[in-house]
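Hello,

Here is the structure I promised to pass on to you. Have a look at it first, and then read my notes below.

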Amino acid sequence: MIKDELFGRLNEQLSRLPVIDTHEHFLPRESRRDSESDVLSEYTTHYISSDLVSAGLSLDELAFIRDVRHPLDKRWRVVEPYWQACRFTGYARALDLSVKAIYQIDGIQRHTLIPLNEAFQKARQPGHYRYVIRDLCNIECCVCDSDNSALTNGRPLNDDHWARRVWQPVDYYWQCPPLADMNERSHKVNGQKLKDLDQLIGMLDADLAEVAEKGVHIIKITAAYMRSLHFPEVTYTKARQSMLEFLAGAGKTPEKPAVYPETVQNYMMHEILKRAHRAQLVVQVHTGLQEGNGNNLANSNPLLLTNLLLKYSDATFDLFHIGYPFIGETTALAKNFANVTLDMCWSHIIAPAAARRALDEFIDAVPFNKISAFGGDYLFVDGLYGHLRLAIENTASVLADKVRGGVMDEHQAYVLGRHLFYENPKRILRV
Ligand SMILES: [Zn+2]
């Protein structure tokens with residue numbers, strides 16, 4: 001990355017832009033944060049924990065370093081050699097940047113951890129979200145994927161004005177909640193228990209109506225964590241037969257959730273997307289690398305979505321995470337399909353260099369009105385700042401390169417940056 005004057009000017013200009021954050025996981029209600037936590041426990045909730053395990057930290061050690069009942073310095077001694085090995089990954093860099101800006105402390109190290117934790121604990125009170133999201137990051141709103149059941153449990157939402165919600169229809173295409181609960185709900189919706197596919201579809205429609213009433217028009221598909229993104233078409237007769245067999249089995253343990261057979265999964269995904277197509281919903285799709293350690297990466301290749309992209313042309317498929325490492329595939333899909341957009345959430349910390357490569361290629365191949373530059377994708381709010389810094393730096397670097405190469409002038413680069421961080425996500429996600 002060349003950090004010359006041109007880069008410096010673009011970096012500075014982009015830093016002053018308002019931002020639409022396309023994807024987060026923290027709870028919209030700040031008051032619900034876990035008050036028993038400390039800085040090491042909260043910061044290892046995800047991401048860096050995966051790098052630490054990849055570096056050699058055992059799962060028992062991970063559980064130990066997350067456990068606030070043990071002294072902080074003892075836990076740090078266990079994790080320190082692995083943390084040092086991760087020091088230059090996007091995950092660790094983002095946290096160090098956050099700590100510097102939020103607490104004015106020089107990163108996460110042996111000698112900073114105790115004062116950092118004191119500052120962290122002091123900041124655990126209402127107002128911290130606003131400070132990070134608004135004051136430090138200038139984020140106008142975050143699209144939050146959290147508290148999923150709050151959208152369908154009949155209660156009104158009581159969000160802060162900065163939060164928008166997405167809904168995950170995972171109960172309908174992957175795992176059936178305990179049958180006892182589903183039967184109760186089916187009685188309310190269908191006037192009878194969950195007997196076959198028809199009641200399940202009735203419940204899906206009821207949930208979608210409730211979600212829509214709460215102003216939610218974005219659904220999120222996380223299937224690549226559990227199975228292939230390829231959902232072939234299945235006939236109603238086949239799916240119904242399979243559902244009947246499933247219910248007979250699930251009925252033996254009605255207090256336990258159970259995974260639907262593949263035939264039902266495939267059928268229901270098409271039912272969900274049929275409705276997304278009709279209602280012109282935005283469908284955010286996890287593609288590429290799965291968070292955590294050890295998963296089937298091939299399941300997440302965005303090319304597997306092709307039959308769905310072709311068929312449900314009035315739904316907008318917002319492909320997540322630059323499809324890392326399937327960047328070329330993701331780019332080509334967005335170039336080819338009018339209903340595919342590119343959402344760089346999570347990507348600037350997965351691998352900052354890959355995010356720069358991807359953005360370079362996106363701008364070369366895809367109309368720029370389809371690219372959203374940033375989504376923090378964090379469970380805890382502090383990570384957001386460091387991630388945004390990396391995203392802005394990456395974008396300034398790629399745009400400066402385009403200016404140096406004569407593709408655009410400096411003013412055009414700035415205008416493009418504004419589209420990537422603000423205008424595009426605002427329009428695409430309708431927030
Ligand atoms: Zn996410």
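Asp377 sits in the loop between β10 (371–372) and α18, and its phi is near 60°, a positive value in a residue other than glycine.

Before going on, please note that this is a predicted model: local features need pLDDT of at least 70, side-chain atom pairs count only at pLDDT 80 or more, and totals for chains, interfaces and linings use all residues. Residues are numbered from 1 along each chain as its sequence is written.

Trp346 is buried, with 26 other C-beta atoms within 10 Å. Pro325 is partly exposed, with 17 other C-beta atoms within 10 Å. As background, most residues other than glycine have a negative phi, and most peptide bonds are trans.

Now for a pair of helices. How do α17 and α18 pack? Helix α17 (residues 352–365) and helix α18 (residues 383–404) meet at an angle of about 45°, with their axes 9 Å apart. The axes are lines fitted to C-alpha atoms, for helices over the stretch in contact, and angles run from 0 to 180 degrees between N-to-C directions. The two helices are therefore oblique to each other (under 35 degrees counts as roughly parallel, over 145 as roughly antiparallel, 65 to 115 as roughly perpendicular, and the rest as oblique). Among the residues that meet are Leu359 and Ile363 in α17 and Leu390 and Val398 in α18; contact requires C-beta atoms, placed from the backbone, within 7 Å.

Finally, the whole chain. It has 19 helices and 10 strands, which are DSSP runs (H or I, at least four residues, for helices; E, at least two, for strands), numbered from the N terminus. Of its 431 residues, 44% count as buried. The C-alpha atoms fill a box of roughly 65 × 55 × 40 Å along the principal axes.

Happy exploring!

Note on methods
A residue is buried if 20 or more other C-beta atoms lie within 10 Å of its own, exposed if 12 or fewer, and partly exposed in between; C-beta atoms are placed from the backbone. Two residues are in contact if their C-beta atoms, placed from the backbone, lie within 7 Å.
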